[in-house]
Amino acid sequence: AQLFLNYYTFPEGKVNKLTLTRGEFWTLVCLAAAYLNEHGLLKGDRLVHAFSANNLYDLVFRLAAILTGCVPVTINWQADDSERIIYKAKVAEAKLMLYDAGFAARIEEVKPELWPMLFLDVATLKGFQATSPLTYPALSYDDERMIIFTSGTTGTPKGVSLSQRSFLANRLTFEHYFGMSGTTQLDLFLTNPLHHINSSVLSDWGMRRGGTVIHLLQHYSTVYWKILAEASSSKRDLFVAPIVSRHIDFLKSLSTQSKLPMERNRLKGALGRIDFLIGSAPVGPITIKRILEFSNRLPHVRFGSTETSLQAMATPIMMPENTLMEVFEAGWSHCYKGEETIGFYIGREHFPFTRVKVVKSVEPESDDFMCPCEIGEPGYLVTQGANIMSGYVGDAKATKAAFMGGWYTGLRDIAFTLKNKR
């Protein structure tokens with residue numbers, strides 16, 4: 001039996017670990033797909049995933065959606081109140097809402113507003129008995145794979161429609177980036193919320209790639225670093241752990257309080273075996289210094305957004321660490337025409353899967369519209385590739401405004417290029 005998933009939960013401060021083989025996980029997936037079939041869910045129908053934490057059944061129904069052609073719709077359990085959950089379900093025109101025990105009370109609040117939507121407590125799936133064989137609709141690259149809503153920090157959240165092609169592009173991007181062959185054995189260590197693009201894309205990659213082992217944590221916890229270090233001891237070819245800067249800040253805090261989960265040199269050796277993917281926020285000198293302190297190697301800084309299906313750029317793997325450090329420092333001390341314009345190095349495009357460039361303006365009425373910036377000149381970062389979203393759900397105007405001349409211009413991040421050191 002081939003190990004597939006280690007799922008960690010933390011009831012009452014304890015650590016529980018559930019291990020599933022690929023066959024055991026597949027049995028659950030087929031049961032979930034049969035449930036969707038027998039309740040009338042068809043290709044293209046959308047399902048709201050209302051979970052209170054990273055949940056085994058969130059992954060199960062995401063893969064079942066591939067078999068049935070249905071489309072998962074994410075809910076941000078950290079931020080969405082009942083009003084926003086109702087809004088997202090209605091915008092997506094969802095047919096079914098999946099939920100776990102931690103979400104049950106909130107489900108009772110939203111049900112009256114969402115009739116005739118179906119609701120399923122995922123804990124009851126094990127008692128379901130399929131009465132008819134599964135049917136598998138044909139899928140195309142243009143078919144919708146998932147809807148992930150933007151954070152809404154600058155306004156009403158937008159539902160980002162991502163296609164099967166977008167997810168495939170990301171898989172190919174990562175496998176090319178890490179120099180993987182068909183036989184490379186991958187371990188993924190996921191703790192970022194599954195409602196974010198980060199864990200959504202990476203878990204999808206892991207579920208579709210043969211031989212992958214996924215380590216899924218219910219949520220970030222004080223035992224994160226201990227579990228990570230122990231899991232890395234079973235590393236095969238490639239062990240990837242996506243993190244954000246605050247994870248490193250917390251590790252430093254544990255060290256300052258003399259609360260590291262194991263002896264410092266042992267921890268450093270364990271973390272040195274891991275390929276850390278860090279993004280979601282600027283990666284500055286303090287974060288880099290701390291990562292080097294605890295792992296003795298530089299992380300892979302990545303850049304992208306929900307609309308780019310996570311990955312548009314990353315720091316080059318083949319660049320020597322001393323050169324990479326020089327490039328980080330060049331960004332932190334950058335000046336343009338005598339004016340300080342500090343930046344944070346986010347790497348290069350993943351040609352041929354993604355393209356990026358920096359332009360003077362993204363406003364069509366400007367004389368500088370889509371004109372390339374010179375080296376070092378601040379401008380707008382734009383990107384294109386098969387990874388880019390299909391559009392915003394129910395908002396054709398916003399979708400049209402995000403694309404100019406075949407480029408996605410909706411990032412609105414200010415960036416500059418550096419002279420190539422290699």
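A residue counts as partly exposed when its relative accessible area lies between the buried limit, under 20%, and the exposed limit, over 50%. Keep that in mind for the last view of this predicted model.

**View 1. Nine strands line up in an open sheet.** The edges are strand E2 (16-21) and strand E17 (348-349), each of which pairs on one side only. Strands of a sheet pair through backbone hydrogen bonds, either parallel or antiparallel.

**View 2. Strands E11 and E12 run in the parallel sense.** Here, residues 238-243 (E11) pair with residues 275-278 (E12) over four bridges. To find one of them, look for Val240, whose bridge partner in E12 is Asp275.

**View 3. Cysteines without a disulfide.** How many disulfides does a search of the whole structure find? The count is zero. A disulfide needs two cysteine sulfur atoms within 2.5 Å. The closest cysteine sulfur to that of Cys30 belongs to Cys70, 14 Å away, so it is too far for a bond. For Cys371, the closest cysteine sulfur is in Cys373, and at 8.9 Å this is also too far for a bond. Cys371 itself is partly exposed, because its relative accessible area is 27%.

Methods
Residues are numbered from 1 along each chain as its sequence is written. This is a predicted model: local features need pLDDT of at least 70, side-chain atom pairs count only at pLDDT 80 or more; totals for chains, interfaces and linings use all residues. Side-chain values use heavy atoms; hydrogens and water are left out. Two strands pair if DSSP finds at least two bridges between them. Helices (H or I, at least four residues) and strands (E, at least two) are DSSP runs, numbered from the N terminus. Buried means under 20% relative accessible area, exposed over 50%, partly exposed in between (1.4 Å probe, protein chains only).
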